[in-house]
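Please look over the sequence and the model before reading on.

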Amino acid sequence: MTILAPQVIGHAATAPHGQGRSCVITRRATFSSSHLYSLPELSAAENQQRFGPCSQAPGHGHNYELIVAMEGGLDANGMVLNLSDVKHAIRSQVTEQLDFRCLNTTWPEFDVEGSQQAALPTTEWLLHAIWQRLSAHLPLRSLRLFEQSTLWADYFGNDMEAFLTIRGHFAAAHRLAREELSQSENETIYGKCARPHGHGHNYLLDVTVRGQIDPRSGMVCDLAALQKLLDDEVLEPFDHTFLNKDVPFFSTCVPTAENIALHIADRLKAPIADLGASLHKIRLQESPNNAAEIYAEPAQV
């Protein structure tokens, strides 16, 4: 029996709108898992020194959020992929296997007790493992995994390279004004932000680093050291200050969001390199409506 293609009455036989054009789509999935950071070749004291409370048995848990980005041309139905197929692939290959389980005992990549080729189930290494399982089923562009709202990783399929982001917060006041200009001239440029007594913001700071995933620790850099660096260099010196008066750099530099982000990048770039990673990006959110991003290196993707 010959099956005839359905006819569209009253329309010419033309290609559907957008067919063949590239588009990126995303799918969100969640799972809850526990993990433990402890290497058998290290003593309990060494694991505690290296991984802090994350080394305490029997481990701890997170509500993970996975964002899967896929790229492809539109088909005759106006879709890159059928979302039912996407949902099934993510569920069967990832979430069903990881949800409500201890990551250390799920996939061979995390079995540090049984293999020297395994690594700890960090956010970065977990993303790498997820990519290996999904790439055979979906046209992946990137993966992002939130371990918590202040810590996430991105992976683009570039061998052992990954991006890790930590988020911090500080509250500070500032005034936008150039000393060589009159008050009226400053108000023309900066508006209300030039008022003499300043105003404040609750700043959100995202620091993204790029590096190679260590084949044993599963980390692109020492996470505890990165967090301490952020605290020491930015969050503590900036928190609850009047930036123009309390941070020497801004006594001669107008503390716009852009200038603050640039200064933070300058403060962090060399110390992050000392940790074995590269500062990739600084994102400073001044308010829900305003943010500035500074790339400390050429975009990698």
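A crossing of two helices is called left-handed if the near helix is turned anticlockwise from the far one by less than a right angle, and right-handed if it is turned clockwise. The model shown here is a predicted one. In it, the crossing of α2 and α3 is right-handed.

Start with α3. This helix covers residues 123-134, which makes 12 residues. From its first C-alpha to its last, α3 reaches 16 Å, close to the 16 Å expected at 1.5 Å a residue. How many of the 12 residues of α3 are buried? The count is 11, and the helix is mostly covered. Among the buried residues are Trp 125, Leu 126, Leu 127, Ile 130 and Trp 131, and also Glu 124, His 128 and Arg 133.

What do the buried residues of α3 pack against? Their partners include one helix, α2 (83-98), and the strands β1 (22-35), β2 (60-73), β4 (140-148), β5 (151-155) and β6 (161-174).

Now turn to the pair of helices. The axes of α2 and α3 are 9 Å apart, and the two helices pack at an angle of about 140°. Because of that angle, α2 is oblique to α3. On the α2 side, the residues that meet α3 are Ala 89, Ile 90, Gln 93, Val 94, Gln 97 and Leu 98. On the α3 side, they are Leu 126, Ile 130, Arg 133 and Leu 134. Sorted by class, this contact has seven nonpolar residues, two polar ones and one charged one.

Next, find Trp 152, which sits in strand β5. β5 is one of the elements that the buried residues of α3 pack against. Is Trp 152 buried or exposed? Its relative accessibility is 6%, so Trp 152 counts as buried. Leaving aside residues up to four places away in sequence, Trp 152 touches Arg 144, Leu 145, Phe 146, Phe 163, Leu 164, Thr 165, Arg 167 and Asp 206. Pro 139 is 13 residues from Trp 152 in sequence, and their C-alpha atoms are 22 Å apart.

Finally, go to Glu 297, in the segment after β10 (290-295). Glu 297 has a relative accessible area of 14% and is therefore buried, as the cut-off is under 20%. With residues up to four places away in sequence not counted, Glu 297 touches Arg 210, Ser 278, Leu 279 and His 280. Lys 269 is 28 residues from Glu 297 in sequence and 9.9 Å from it in space, C-alpha to C-alpha.

Notes:
Residues are numbered from 1 along each chain as its sequence is written. This is a predicted model: local features need pLDDT of at least 70, side-chain atom pairs count only at pLDDT 80 or more; totals for chains, interfaces and linings use all residues. Side-chain values use heavy atoms; hydrogens and water are left out. Helices (H or I, at least four residues) and strands (E, at least two) are DSSP runs, numbered from the N terminus. The expected span of a helix is 1.5 Å times one less than its number of residues. Buried means under 20% relative accessible area, exposed over 50%, partly exposed in between (1.4 Å probe, protein chains only). Contact means heavy atoms within 4.5 Å. Axes are lines fitted to C-alpha atoms, for helices over the stretch in contact, and angles run from 0 to 180 degrees between N-to-C directions. Angles under 35 degrees count as roughly parallel, over 145 as roughly antiparallel, 65 to 115 as roughly perpendicular and the rest as oblique. Ala, Val, Leu, Ile, Met, Phe, Trp, Tyr, Cys and Pro count as nonpolar, Asp, Glu, Lys and Arg as charged, and the others, Gly among them, as polar.
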